[in-house]
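Hi,

Here is the structure I said I'd pass on. Have a look at it first, and then read my notes below.

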Amino acid sequence: MPDYSACTNRTCGQRAFCARYLMVWSTFRQSISDFAPDPETGVCRDQMPTKDPVTGRPPFPLIPLEQADDRYPSDGDKP
């Protein structure tokens, strides 16, 4: 599977609809970034849809929003 960069932005309003935020992280190696929406438009150009437009299925395994939010107890604990 390709190495998609995961998003760790817990304050993003689009995180519940973003595969980057909800993806299951690799146990071997995972690239992460704090992607953020444009402050003026609120649109994140790095957002990945949670469903493939052709098949209607997730592009890769996803976890529930609550589980994704709990990856870090607080923002100060990020690697």
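To start with the surface: the chain exposes about 5500 Å², and carbon and sulfur atoms supply 54% of that. Accessible areas here come from the Shrake-Rupley method with a 1.4 Å probe, and for residues only the protein chains shown count as cover.

Before the rest, some housekeeping. This is a predicted model, so local features need pLDDT of at least 70 and side-chain atom pairs count only at pLDDT 80 or more, while totals for chains, interfaces and linings use all residues. Residues are numbered from 1 along each chain as its sequence is written, and side-chain values use heavy atoms, with hydrogens and water left out.

On the overall layout, the chain has two helices and two strands, which run β-α-β-α from the N terminus on. Helices (H or I, at least four residues) and strands (E, at least two) are DSSP runs, numbered from the N terminus. Of the 79 residues in the chain, 25% are buried; buried means under 20% relative accessible area, exposed over 50%, and partly exposed in between (1.4 Å probe, protein chains only). Looking at contacts (heavy atoms within 4.5 Å), 68% of those between residues at least 6 apart in sequence join residues at least 24 apart.

Now the aromatics. Rings of Phe, Tyr and Trp (its six-membered ring) pair if their centres lie within 6.5 Å; planes under 30 degrees apart count as stacked, over 60 as edge-to-face and the rest as tilted. That rule gives one aromatic pair. The partners are Y4 and F60, with ring centres 5.1 Å apart and planes at 35°, so the pair is tilted. It links distant parts of the chain, 56 residues apart: Y4 is in the segment before β1, and F60 is in the loop between β2 (32-33) and α2 (65-69). Y4 counts as partly exposed because its relative accessibility is 32%, whereas F60, at 6%, counts as buried.

Two threonines are worth a look too. T8 sits in the loop between β1 (6-7) and α1 (19-22) and is buried, because its relative accessible area is 6%. Its side chain makes a polar contact with the side chain of D34 (3.4 Å). A polar contact is a pair of N or O atoms within 3.5 Å; within protein, one must be able to donate a hydrogen and the other to accept it, and residues adjacent in sequence count only if both atoms are side-chain atoms.

T41 lies in the loop between β2 and α2 and counts as exposed, at 55% relative accessibility. The T41 side chain reaches the backbone nitrogen of V43 at 3.2 Å.

Cheers
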